[in-house]
Amino acid sequence: MKGRIKDFMKSKIKKYLTHRETTDRLARRALFGFILTFLMARTDVFLIMSHLIPNGYLFLGQTHVHHLNYGIFLLSAVAAYSIFRRPDGRTAEITALLYGLAMALTFDEFGMWLHLGGSYWQRASVDAIIVIAAIMALVAFGQSIKRFETRHIWAFIALFLALTLFVFVLFKAGDSLGDTVGPKLQELEESSSP
């Protein structure tokens, strides 16, 4: 009898200490990693091209290895890990976060792999990011908005502010920004690579 009680208590303590991951919880982790990585990647590229930070690009000979390649390799690793290890608990949440990070690195340069080259600043990349983020947000919040917990509020506020600012710049400035800044961005891009 003591053994059963002891086992029962161990299982209850283990359940209490390890929380259960759900689809929407994992989707929120992936969405957070996706948006944060996209914003950081765009900022990093702009700062490098503006010569405000050192050129951190990887070159193999004269070939610039774009960050979509890092995303593809990371997506492959995350997929393999998810299939063969079937993570749960905190490990699943970290895996979801890495999935979002890898998706952002890959789709940030969607225009480049869609058109097999061209400028980094293609509109197709931003459109792809918006579509992917919207799909992730539907999975993350579609059915769980009623169960939104207060501890999610800070991540929600940070993402909301970042997205609001990004959407404001994207739509307010629109084509006029592209006409004004586009040539400068093209010039920065051409001058930043050897």
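**Salt bridges and helix packing**

A: E93 and R90 form a salt bridge, with their closest N and O atoms 3.0 Å apart. A salt bridge here is a side-chain nitrogen of Lys or Arg within 4 Å of a carboxyl oxygen of Asp or Glu. This is a predicted model: local features need pLDDT of at least 70, side-chain atom pairs count only at pLDDT 80 or more, and totals for chains, interfaces and linings use all residues. Residues are numbered from 1 along each chain as its sequence is written, and side-chain values use heavy atoms, leaving out hydrogens and water.

Q: What separates E93 and R90 in helix α4?
A: About one helical turn, because they are three residues apart in α4. Helices are DSSP runs (H or I, at least four residues), and strands are too (E, at least two); both are numbered from the N terminus.

Q: Is E93 buried or exposed?
A: E93 is buried, with a relative accessible area of 5%. Buried means under 20% relative accessible area, exposed over 50%, and partly exposed in between (1.4 Å probe, protein chains only).

Q: And R90, buried or exposed?
A: R90 counts as exposed, at 53% relative accessibility.

Q: Which residue in helix α2 does E93 pair with?
A: R25, in a salt bridge with the closest N and O atoms 2.6 Å apart. E93 lies in α4 (residues 89-107) and R25 in α2 (residues 23-49), so the pair ties together parts 68 residues apart in sequence.

Q: Which residues are linked in a network of salt bridges?
A: R25, R29, R90 and E93.

Q: How many salt bridges does the structure hold?
A: Five. One of them joins the side chains of R42 and D108, at 2.6 Å from N to O. R42 sits in α2 and D108 in a loop, 66 residues apart. R42 is buried at 11% relative accessible area, and D108 is buried at 0%.

Q: New topic. What is the angle between α4 and α6?
A: About 155°, with the axes 9 Å apart. So α4 is roughly antiparallel to α6. Axes are lines fitted to C-alpha atoms, for helices over the stretch in contact, and angles run from 0 to 180 degrees between N-to-C directions. Under 35 degrees counts as roughly parallel, over 145 as roughly antiparallel, 65 to 115 as roughly perpendicular, and the rest as oblique.

Q: Which residues meet there?
A: Y99, G100, M103, A104 and F107 in α4 meet S125, A128, I129, I132 and M136 in α6. Contact means heavy atoms within 4.5 Å.
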